[in-house]
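Please look over the sequence and the structure shown here before reading on.

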Amino acid sequence: MIGIERMTKLSPLSLDPNIYKKLIYKVDMRTARASRKCIHNNINLLNTRISILESNTNYPENITPHIYFKTSTLKDDLENLYSSKAKHILTFKDNLKEIFKKGCPYCNSYHPVSEIDHYLPISRFPEFSVHPYNLIYSCDNCNGLKLDKFLKRDGSRMFIYPYFDSFMETIQFLKCDLSTCGMKLDIKFYIDPSIETSHPYEFNIVNAHFNELQLKTYYQRQALDPLLSSLKSTWTSINPITDNPEWDTYTLNELQILLTYKLKEFQYFNINRWERVFLTSLINCTSYLNLVVNKSLPIN
């Protein structure tokens, strides 16, 4: 299985395309026979629903929930299929996780994934409980904020679909403005409002996604602490006499070159990777970089 570094095109297409059917039909001692029988008896319905999912990957909001009869156990059986401890299902989940070894696709960061999100909520779409297109490994923070949300009141969707939203690769919607106030670097991440005019469909999804997952605040914290701290460590050294950290001597141009090299670390990520956006802005924020050049910033 091939792990993809970018936020989009993480599609589990390298998995067996018939895995869903095999998971249903697989005979396992830990899978309740009654559940298998109910699922088997409704396989034509499930195949139809699978076809609907696979033909609407670009517009999943067009998929309407199926109405399950209260007298049937099918809905519960499908949900239980996902939570089964059967070996073949656990192996399937482990294989799926390999796709996300570069981090969480929802916050588009190195935040390690630990939980599986059902992009189409399992409570409303239990027929997709173990379909690889609907299972997305995410970090606990994103999964805890997304929960079973999917559509806004107007019927538009609230979240980027990491497997199939290719516009993440082609439209730069994430922006970062930097300014200095004294010795403080003010960081503002935001969604480019001009995208609403040129790409209204994509803008509405991205804007809702960032608001619901509180990514603007998350990116700001990450830029202020981990990233800036790592950058500062490359601009300082230990005084051999006092054993204290001190600023190294750099020109503005040298600092910008160092940042350019740092930026190359993220060149294989999509254009909306927050580190790429932040570093690009920082290279041009001469007011802050001059504080480093003039050794005006506190090191600690």
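## Terms and basis

Helices (H or I, at least four residues) and strands (E, at least two) are DSSP runs, numbered from the N terminus. This is a predicted model, in which local features need pLDDT of at least 70 and side-chain atom pairs count only at pLDDT 80 or more, while totals for chains, interfaces and linings use all residues. Residues are numbered from 1 along each chain as its sequence is written, and side-chain values use heavy atoms, with hydrogens and water left out.

## A pair of strands

Strand 1 (residues 115-118) and strand 2 run antiparallel and are joined by four bridges; two strands pair if DSSP finds at least two bridges between them. Within this pairing, Asp117 stands opposite Ile136 in strand 2.

Along strand 2 (residues 135-138), Leu135 and Tyr137 point one way, whereas Ile136 and Ser138 point the other way, and all are buried. Here buried means under 20% relative accessible area, exposed means over 50%, and partly exposed lies in between, with a 1.4 Å probe and protein chains only.

## Salt bridges

Side chains of opposite charge can pair when their charged atoms come close. A salt bridge is counted when a side-chain nitrogen of Lys or Arg is within 4 Å of a carboxyl oxygen of Asp or Glu, and the structure holds nine of them. Among them is the one between Asp117 and Lys146, whose closest N and O atoms are 3.1 Å apart. This pair links distant parts of the chain, since Asp117 belongs to strand 1 and Lys146 to helix 6 (residues 140-146), 29 residues apart. Both Asp117 and Lys146 are buried.

Another salt bridge joins Glu79 to Lys75, with the closest N and O atoms 2.8 Å apart. Both residues lie in helix 4 (residues 74-83), four residues apart, which is about one turn of the helix. Glu79 counts as partly exposed because its relative accessibility is 22%, and Lys75 is partly exposed as well, at 27%. The side chains of Lys184 and Asp186 also meet in a salt bridge, at 3.8 Å from N to O; Lys184 counts as exposed, at 53% relative accessibility, while Asp186, at 29%, counts as partly exposed. Elsewhere, Glu61, Arg157 and Asp165 are linked in a network of salt bridges.

## Cysteines

The structure holds zero disulfides, a disulfide being a pair of cysteine sulfur atoms within 2.5 Å. For Cys176, the closest cysteine sulfur is that of Cys285, 9.2 Å away, which is too far for a bond. Cys176 counts as buried, at 7% relative accessibility, whereas Cys181 counts as exposed, at 54%.
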